[in-house]
Amino acid sequence: MFAAPTLNLWVITPLIILTVWAIILMFIDLFIPAGKKQWTGWLTLVGLIPALALTLMQWGQTGGAFIAEGGQPMVVVDNFATFLNTLYLLTGILAVFISVSYIRDAGLERGEYYFLMLFSIVGMMLMGMANDLILIFLALELLSIPLYILSGFDTGSDTSEESALKYFLLGAFSSAFFLFGIALTYGATGTTSLPVILDTISLDDPLALAALGMLLVGFAFKVGAVPFHMWTPDVYEGAPTSVVAFMSIGAKVAGFAALMRVLGQGFPMWGELWQPAIVVISALTMIVGNFAAVRQQNIKRMLAYSGIANAGYILIGVAASATDPEAISASLYYMLAYLFTNIGAFAVVIAVEKLDGQKGLLVEDYKGLAKRHLLLSLALAYFMFSLVGIPLTGGFTAKFYVFGAGVTAGLYWLVVIGAITSVVSAFYYLRPVLYAFMYEGPAVARVSRGLMFVLVVAVFATLVFGIFPGPWYELASQATFGNVATFVAGG
Amino acid sequence: MTSQQVIFIILAVITLASGLVVVTNRNLFHAALAMMLSFFGVAGFYVLLEAPFLAASQLLVYIGAISILIIFAIMMTRRLMSTDESPFNSQWIAALFGTLLIGGLIIFVIVSVFSPFGDIIIANSAPPSLAVQESTVLLGRSFVDPDQYVIPFEIASVLLLGALVGSIAIARPEKES
Amino acid sequence: MTLGQIALRALIAGFIMSLVVITGFAYTTLLERRLLARLQARIGPNRAGYIPLPRKGKRERRLLGGIMQPAADAVKLFFKEDATPAMVDRVVYNLAPMLTVIPAILILAVIPWAGPILGYEEYFAIAPGIDVGILFILAITSIGVYGVVLAGWGSNSKYAILGGIRASAQMISYELSLALVILAPVMLAGSMNLNDIVVAQEGGWYVLFLPVAAIVFIIGVFAELQRAPFDLLEAEQELSSGYNVEYGGMRFGMFFMAEYMKMISFSAIAAVLFFGGYRGPFVDQFPALGLLYMFIKIVIGLIIMIWVRASLPRLRYDQLMGFGWKVLLPIAVLNFLITAVIIVLASEGIIAFPI
């Protein structure tokens with residue numbers, strides 16, 4: 001009845017592990033009593049760590065699975081995908097450590113939190129691995145829908161529900177753009193497979209041009225780039241902080257992953273066409289993100305605008321890759337460094353946040369933190385320095401590489417904007433640090449063991465990236481798209 | 001004009017007219033019903049394109065589930081017989097501008113690619129007789145064939161599972177411990 | 001045949017079959033009233049019309065008393081004042097009865113009534129050759145919910161809207177289980193075409209292979225039809241009469257008609273899916289016998305429905321929803337899974353199973 005299928009399941013083994021473990025965990029969770037749901041959280045790691053190990057084993061390999069029409073695989077694993085998958089899995093593991101105590105203290109402790117997180121990670125990983133527009137769309141939804149729900153996980157809180165609703169509506173809106181772009185691409189080329197699109201698309205086809213525009217709008221929404229960034233501050237402010245820490249990295253990196261894959265593999269020869277668009281978006285994103293962040297009093301909103309601004313910096317590398325495909329590695333390295341700095345910053349926010357009614361989230365609430373929690377305040381200062389881009393931090397080296405890629409590509413004025421806005425960013429990043437060290441105040445913090453672990457890892461990683469960036473950048477520069485020709489033979 | 005063209009025009013008029021009613025009607029409930037009619041017109045297009053499975057799915061999913069969901073939402077949240085919903089809010093000018101922009105884009109694209117579009121369709125699709133004869137079987141097979149769409153199909157199932165778990169997690173009443 | 005001829009033939013056949021079923025609806029009401037009366041040790045309507053058999057010396061014997069009762073009812077409904085309440089949403093109020101009746105009639109389109117008779121090549125149905133007949137039935141059934149919802153909303157009445165919400169929630173909940181169990185015969189026959197399913201039952205009725213599916217299907221049908229014991233929306237004590245409380249005259253008659261026509265069509269569907277459809281002894285030699293077999297099977301189905309109504313008490317609303325979601329749906333899903341696994345194992349020759 002069935003022909004012997006030509007499966008290459010090795011490619012998606014980490015995804016299978018995560019999905020199956022999420023489903024098994026659902027059943028295990030039924031038997032975990034209500035007060036002990038942290039076990040579901042720790043058990044999540046049983047899926048994440050093997051998946052991470054397997055992903056690391058996939059480094060250096062190139063392969064595809066599920067050969068579709070046109071002889072191209074639907075899912076590919078190459079160093080680009082493996083590099084990003086490692087990022088998501090690290091984010092996931094750190095997010096579990098952050099979440100366990102946070103959601104218990106916030107009274108949100110329910111097992112669904114963790115399965116939804118696992119599902120979302122599967123979606124994120126697929127974003128970088130998908131070689132087909134249909135699959136990218138499904139991955140986008142798979143990563144987004146659990147996040148919509150996690151944003152509204154605090155069902156008792158109006159702001160949380162508002163954030164979920166806003167995220168959902170705007171996310172659905174952007175998905176519609178993306179889907180429309182896919183439809184137009186299909187109309188122009190008769191295929192959704194990225195390598196086949198590359199072969200069949202013609203440069204003077206207005207349909208394809210419109211398609212590319214729609215796809216860009218969809219991605220810009222997901223990564224939170226101006227002018228499609230409006231949802232970010234409201235969502236970040238309302239959603240549970242542990243969720244924000246997770247999605248501010250995972251969803252953003254995943255959006256970039258698919259953006260890079262589509263631009264780099266589907267439309268690379270259109271570089272001179274999409275480069276100006278990306279340059280403009282990047283410049284606007286840096287300017288709007290940084291200047292809007294200056295006015296924020298709420299630290300979660302401030303970090304939201306900071307996330308927008310950082311999307312702008314990552315976009316410099318994407319823009320540069322139009323002329324030089326190697327420039328993508330600068331953006332990849334930026335995301336690696338940003339992961340640890342950002343999750344560290346959120347860990348500090350969680351430590352200071354008081355869970356009875358959204359208190360402790362204003363910048364003023366950091367007054368006098370250093371008096372009682374010197375190490376925590378030092379960690380805060382270090383992460384903020386890293387976000388500004390002060391030397392000896394991961395943030396500095398990341399900006400260095402991205403700006404370097406921009407200069408190499410001849411995008412001088414974009415780099416100038418980047419440098420100026422970085423200076424502006426110092427103003428708002430350093431404010432909580434200033435309050436913590438220079439002012440008297442009642443700020444207190446609770447650092448649970450999981451949070452402590454995350455803080456130590458984040459500080460250590462940011463330090464390593466700041467002092468020895470070379471080997472890590474070397475890894476990022478190996479993380480290029482797999483050679484299309486090998487898929488046809490190797491699938 | 002062939003009979004198919006006549007049916008096409010009737011369906012197009014139904015779909016577009018009810019679409020217009022959706023955005024202009026002041027009575028939200030009537031607008032939801034008009035949307036259902038619009039979905040019905042789309043199902044008609046699928047029948048015309050000899051894709052019976054898609055047509056039935058369109059009825060089942062869009063009319064049987066999504067529209068009902070919308071109507072339920074209206075029934076639960078609005079006062080009975082309220083007819084004072086304004087289809088305009090403060091951003092209607094911007095919305096109109098955006099709509100015209102996208103509409104213009106689509107029209108421009110269709111007009112400028114009209115002739116090559118036809119060629120592409122012919123070049124890329126299988127002989128219609130085979131496709132029409134067995135369309136449902138082909139569709140079903142392609143969903144479970146590892147060499148076609150099994151992975152999107154499976155991902156879609158995972159997606160639905162996630163959405164199911166999530167909707168239950170949100171809808172479940174808060175339990176005080 | 002050209003397209004025009006096919007359309008014309010479908011139109012004629014559809015018209016005739018609709019008339020037959022409408023007559024059938026009328027007599028189903030009579031059957032229900034008489035049978036219910038018998039089950040409750042009453043006599044039931046026996047006055048309107050009869051066939052007189054004169055007997056010598058005694059009073060004439062009255063055969064089939066009450067045979068004209070449906071006609072009398074229809075006349076009553078037609079001549080009743082058709083009052084429209086003042087504050088209703090007129091469009092919706094008038095649309096609701098139509099949207100209830102239209103799906104009830106549309107379902108008839110795909111049901112195979114007999115084998116190749118009257119010049120039909122493969123089988124006799126109003127619209128033969130719809131390969132997705134099952135899906136069509138499910139789709140049309142789901143449209144049936146609109147009639148209830150619109151009647152509830154359009155009537156501008158608390159009782160009506162409560163009845164409407166109850167009824168539609170019930171229909172949507174049970175539709176899921178119904179759709180899932182319908183997949184079992186589809187998988188066994190390997191086709192969504194209803195005639196293929198009937199033909200595939202040559203070796204034995206599917207009720208023998210899929211008893212669980214058949215039982216769940218029948219329960220689901222009761223809920224879908226909102227008949228006892230699931231007739232919550234008509235809970236007179238609580239809701240006066242549910243979504244159609246504000247309707248009178250022929251508009252009410254249309255709701256009534258739709259309910260009984262759906263009874264007939266669901267009996268037919270049950271017969272097709274699980275009880276061999278139009279197949280029976282000698283049907284290969286005389287295809288026209290199929291009509292008779294279908295008729296018998298439908299009548300038996302109707303009698304069972306009436307019997308259940310007379311026997312079982314009504315469920316409470318939370319019991320109803322709980323039963324649908326927590327009992328019926330898991331059973332339907334498991335049934336689907338197990339059937340699929342067995343079919344694959346059998347087709348691979350790992351286990352012996354007569355398919």
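These legends describe close-up views of a predicted model.

**Chain B in outline.** Chain B has seven helices and zero strands. Along the sequence the pattern reads α-α-α-α-α-α-α. Of the 177 residues in chain B, 20% are buried. Take the contacts in chain B between residues at least 6 apart in sequence: 53% of them join residues at least 24 apart.

**The contact between chain A and chain B.** Chain A contributes 35 residues to this contact, and chain B contributes 25 residues. On the chain B side, helix H4 (92-124) and helix H7 (150-171) each supply at least two residues. H7(B) gives the most, with 13 residues. The side of chain B that touches chain A comprises 17 nonpolar, six polar and two charged residues.

**Helix H2 of chain A and its cover.** H2(A) runs over residues 38-57 and has 20 residues. Its first and last C-alpha atoms lie 29 Å apart, close to the 28 Å expected at 1.5 Å a residue. The buried residues of H2(A) are Thr40(A), Gly41(A), Thr44(A), Gly47(A), Leu48(A), Ala51(A), Leu52(A) and Thr55(A). Their cover includes helix H1 (13-30), helix H3 (79-105) and helix H4 (112-129) of chain A.

H5(A) spans residues 133-151, 19 residues in total. H5(A) is mostly covered, with 19 of its 19 residues buried.

**Helices H6 and H9 of chain A where they cross.** H6(A) covers residues 158-189, and H9(A) covers residues 231-238. Their axes come within 7 Å and cross at roughly 145 degrees. The crossing is left-handed. From H6(A), the contact takes Thr159(A), Ser160(A), Glu162(A), Ser163(A), Lys166(A), Tyr167(A) and Leu170(A). From H9(A) come Trp231(A), Asp234(A), Val235(A), Glu237(A) and Gly238(A). By class, the residues of this contact are four nonpolar, four polar and four charged.

**The cis peptide bond at Pro227(A).** Most peptide bonds are trans. The bond from Val226(A) to Pro227(A) is cis, with omega near 5 degrees. Pro227(A) sits in the loop between helix H8 (206-223) and H9 of chain A.

**Leu392(A), a positive phi in a loop.** Most residues other than glycine have a negative phi. Leu392(A) is not a glycine, yet its phi is positive, about 70 degrees. Leu392(A) belongs to the loop between helix H15 (374-388) and helix H16 (394-408) of chain A. Within 10 Å there are 14 other C-beta atoms, so Leu392(A) is partly exposed.

**Gln226(C), a positive phi at a buried position.** Gln226(C) has a positive phi of about 55 degrees and is not a glycine. The loop that holds Gln226(C) runs between helix H8 (211-225) and helix H9 (236-239) of chain C. Gln226(C) counts as buried because it has 22 C-beta neighbours inside 10 Å, and the cut-off for buried is 20 or more.

**Helices H3 and H10 of chain C, packed together.** Two packed helices are described by the angle between their axes and the distance between the axes. For H3(C), residues 90-106, and H10(C), residues 249-274, the angle is about 20 degrees and the axes are 9 Å apart. The two helices are therefore roughly parallel to each other, since angles under 35 degrees count as such. Their crossing is left-handed. H3(C) brings Pro97(C), Thr100(C), Val101(C), Ala104(C) and Ile105(C) to the contact. These residues meet Arg251(C), Met254(C), Phe255(C), Met257(C), Ala258(C), Met261(C), Lys262(C) and Ser265(C) in H10(C). The contact of H3(C) with H10(C) has nine nonpolar, two polar and two charged residues.

**Ala179(C) in helix H5 of chain C.** Ala179(C) lies in H5(C), which covers residues 158-189. Ala179(C) has 20 C-beta neighbours inside 10 Å, so it counts as buried. In sequence, Ala179(C) and Ala139(C) are 40 residues apart. In space, their C-alpha atoms are 10.0 Å apart.

Methods
Residues are numbered from 1 along each chain as its sequence is written. Chains are lettered from A and ligands numbered from 1 in the order in which they are written. This is a predicted model: local features need pLDDT of at least 70, side-chain atom pairs count only at pLDDT 80 or more; totals for chains, interfaces and linings use all residues. Two residues are in contact if their C-beta atoms, placed from the backbone, lie within 7 Å. Helices (H or I, at least four residues) and strands (E, at least two) are DSSP runs, numbered from the N terminus. Ala, Val, Leu, Ile, Met, Phe, Trp, Tyr, Cys and Pro count as nonpolar, Asp, Glu, Lys and Arg as charged, and the others, Gly among them, as polar. Axes are lines fitted to C-alpha atoms, for helices over the stretch in contact, and angles run from 0 to 180 degrees between N-to-C directions. Angles under 35 degrees count as roughly parallel, over 145 as roughly antiparallel, 65 to 115 as roughly perpendicular and the rest as oblique. A crossing is left-handed if the near helix is turned anticlockwise from the far one by less than a right angle, and right-handed if clockwise. The expected span of a helix is 1.5 Å times one less than its number of residues. A residue is buried if 20 or more other C-beta atoms lie within 10 Å of its own, exposed if 12 or fewer, and partly exposed in between; C-beta atoms are placed from the backbone.
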